[in-house]
Amino acid sequence: MAMTNLDTVRQAIELARAAGADEAEAYLARSRVLTVEVGSGQVETIKQAEDLGLSVRALVDGRVGLSYATDFDAASLRRAAQRAVEVARASDRDACAGFAEPETGAPAADGFDPEMDRHSADEKIERAFAVERAAKEYDARIVLTRRVSYRERVVTEALANTRGIAVEQCNNLCGGSAMVLARQGAEQQVGGGMDTKRRYAEFDACAIGRDAAERAVTMLGATDVATQRASIVLEPRMAAAFLGIIANLVRADQVLKGKSLFAGKLGQAVAGAGITLIDDGAYVGAPGARAFDDEGVPSRRTVVVADGVLQNYLHTTHTARQARAASTSNAARASFKAPPDVAVSNFALQAGPVAPADLRANVAHGLWVRNLMNLHTANPISGEFSFGANGMWIENGKLTRPVRGVTISGNLTDLLLNVRGIGNDLEWQGAMGLSIGAPSLLIEQVSIAGK
Amino acid sequence: MTLDPNVLVAALNAGRAYWGDWAEIFAERRVDTLVVLDDGKLDKLSAGEEAGLGVRVFVGKTAAYVYTSDFSRQAIVEALRLAHVAANQRVGQTGAFVAALDRGVAMRPLAHYRIMPDGVPLADKVAVVRAADRVARGAGAAIRQVTATYTDSIQDVTIINSLEEVAQDRRVRTMFNLTVVASENDVIQTAFESTGGLAGFEQVADGVSERLARAAAERALRMLRAQPAPAGVMPVVCAAVAGGVLVHEAMGHGMEADFNLPSKPMSVFAGKIGQPVASANVTIVDDGTIPGLNGTLGCDDEGTPAQRRVLIENGILKNYLHDRTTAREMGVAPNGSGRRQTFRHLPMPRMSNTLMLPSQDDPAAIIHSVARGLLVKQMGGGQVNIVSGEFVFKVQEAFLIENGQVTEPVRGATLIGNGPAVLKIIDRVGNDAGPTRIGMCGKYEQGAPVAHGIPTVRVPEIVVGGIVAGMSETMR
């Protein structure tokens, strides 16, 4: 008889116990992917696959070890279980090590969209063509597209541990992307569009194509500006990029290790008035929704910052024990091979009252930021950042000309405290298990380096 | 599971009906170990094994890719069938669209490692990170935090295709890195060091991790006394020790052939083979054959032997980096750049070890030539927009140059420029070859281990992003 996913994870924890583990946990992920890339009206690549992986964590004498396998026969599971025990024996004893406890009566977020599977691959290929057509029809200066795609992913996860958790969930997502090139004379500019949705019906192929095209065309003729200190308005996508960095500051593991600017600041003002940050994995309207996190803890809503004041950090079972707090259901595995770490689920800066155009109308001189480069180099410990930026220059409240080749630099602490306006245009960016929502933001006192 | 080419060839033959114009199996098994020490304790420890295979079928220009972790003949034939159906879904132009290899090319020996990491006890790997932690913390009272990571991987690949080409490669990689955090009087600075290569445990053994820990700790302490970097346009000298992120971002990516196809010319370097694209003292190679370096391979992930490609020679653009698909479209031989992160990914042109070669200037004289500017001693991460040529990279360690002398350390600098423009204005290239540094290059969501290096070079003007004094105005 075929084994269910729950049978497999239960077998893996039994094998770990048999190999010498005091306690054990097994996590299984089975994913199905479809990616279609088109160009010039032809299908360039189609990728489809079923992928599986299982990892075992063993607790031996207060030490934790992890191993994994991509084959689920008894011999492979036994080998992974034994390896997890061996690895645990080489690790350090940790009084806070251990696995999640079962919770009763927790609400389950079910964001699975059965609609996605009811549509044919042919129709989905057609959606990718629609992205490309929309981009090309936007403007005669759009000469090329690249990586125009439709993609979807269905992931089934099962988790069991020796504390009594045995859970399973299935989530799916679809989305698309486009890179579009606009040319005028010798100059060429690129624009990118991308969207991810939980509901197939909400996926708007044309909007992705138009967005990419608009970005490319708008940047034609861009020049730099003089080095100065000025205000910036971040569009929602760029505000979300910054929020992705801020998300590292509220991770309890980083806080406990003294590697966050927010360490020791609970109850203090860390952001401008009106800024509220909430993490909510149970919110099914956003891509990161899930019934439980990667340790099997049911999803919940956590207010991280309320009106500028830091309220809570985000926890896994391990950091919660260290801090004598409760898990906030923020355990995430980068892949089935990786141990759980703290990460946001659906993390959003709540929308404000101002229309984005009105945010810009308040700026005497400044940059409407529409693209940032080198985001991965921000330093979450010192808070220092310096990114390549482009966008549109704002003069006396009006958009005047495209700008490229400048950097914006500063410190995350100042940046958050200098937010002077919050847009009403919240957008979600994201992927399965992790998404970030943000509205436009007006920020003062940013260093802009140019000519 | 098996990586035996005979078994895979038999499975490929069993699925002959589904080959389309060209079919390929990429089979992979890898064993990884990860050791992370953080906050003075072992934070993550894992070891495990994964295996899978990807089947690629071309029908005309359309490629279909199906991957699985099931190695049975039945599963492979089913993957071929699915790929064939998918590839036939929207067929444009037909005819083989993937370049064959020149059969005269022989595979080179692959054993670049001395100590196989899978024979090294886990305790010895743990000792590498503990030693680094001890040394870094001992460097000064201001050292607050140390994160040290050791990884090793043994990746075995077999690549076979319907042209009856068979290639096998074993990539043994060992890597160590650490981040040190220093803080004093409300100033926090971090410093990073890393080493890694197509090498065994010898890459990190015999005090290597301690030496890197000392270097990182000392830099973090130095940077505590650094002033914020100036902002604006100024001359910049990149020291040979700085590593070649400049070359990788500003030049290398733009020379990947998928950005330069005649049918899809996206890169600023498209259509410029044989033309001057840089000053005459600039020669850049991408060389996947240098023993032990991080980007080195026996063969690429399409079975093409690794090669040394001259990209720019004395300022003239010579070659792009090709996988089989781009090579076919441009009518050249594939040159060993088709890489993929895992069996779950399609190959694409990637860099390996990208080096700017030394020229004739005296490094000290290059520094003396600058009245006021920046000396970059270590680069950090970067990014490039291949369409506009704009690149940006972080500077980990820099000093001011005033009247030809190296003076104060500065922190937080970022350089932003235009690749083609910078290539043309580089006016001094040193006669010193620097050590290579390693990186994990990201492109379209795939990572690839690479290395890069430069001699001392001077860029006479480039935008330095830093902190600007003054106030911004907001209308109320």
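Of the 451 residues that make up chain A, 61% are classed as buried. The structure is a predicted model, and its secondary structure comprises nine helices and 20 strands. Along the principal axes, the C-alpha atoms of chain A occupy a box of roughly 70 × 55 × 35 Å. The radius of gyration of chain A is 24 Å, which agrees with the value near 22 Å that a compact globule of 451 residues would have.

The domain assignment divides chain A into domain 1, spanning residues 114-218, and domain 2, spanning residues 228-449. Taken over C-alpha atoms, the centres of domain 1 and domain 2 of chain A are separated by 23 Å. The two domains touch: 13 residues of domain 1 of chain A are in contact with twelve residues of domain 2 of chain A. On the side of domain 1 that touches domain 2, the elements contributing two or more residues are the strands β4 (142-161) and β5 (166-184), together with the helix α4 (205-218), of chain A.

Note on methods:
Residues are numbered from 1 along each chain as its sequence is written. Chains are lettered from A and ligands numbered from 1 in the order in which they are written. This is a predicted model: local features need pLDDT of at least 70, side-chain atom pairs count only at pLDDT 80 or more; totals for chains, interfaces and linings use all residues. Domain bounds come from an automatic or database domain assignment. Two residues are in contact if their C-beta atoms, placed from the backbone, lie within 7 Å. Helices (H or I, at least four residues) and strands (E, at least two) are DSSP runs, numbered from the N terminus. The radius of gyration is taken over C-alpha atoms; the globule rule is 2.2 Å times the number of residues to the power 0.38. A residue is buried if 20 or more other C-beta atoms lie within 10 Å of its own, exposed if 12 or fewer, and partly exposed in between; C-beta atoms are placed from the backbone.
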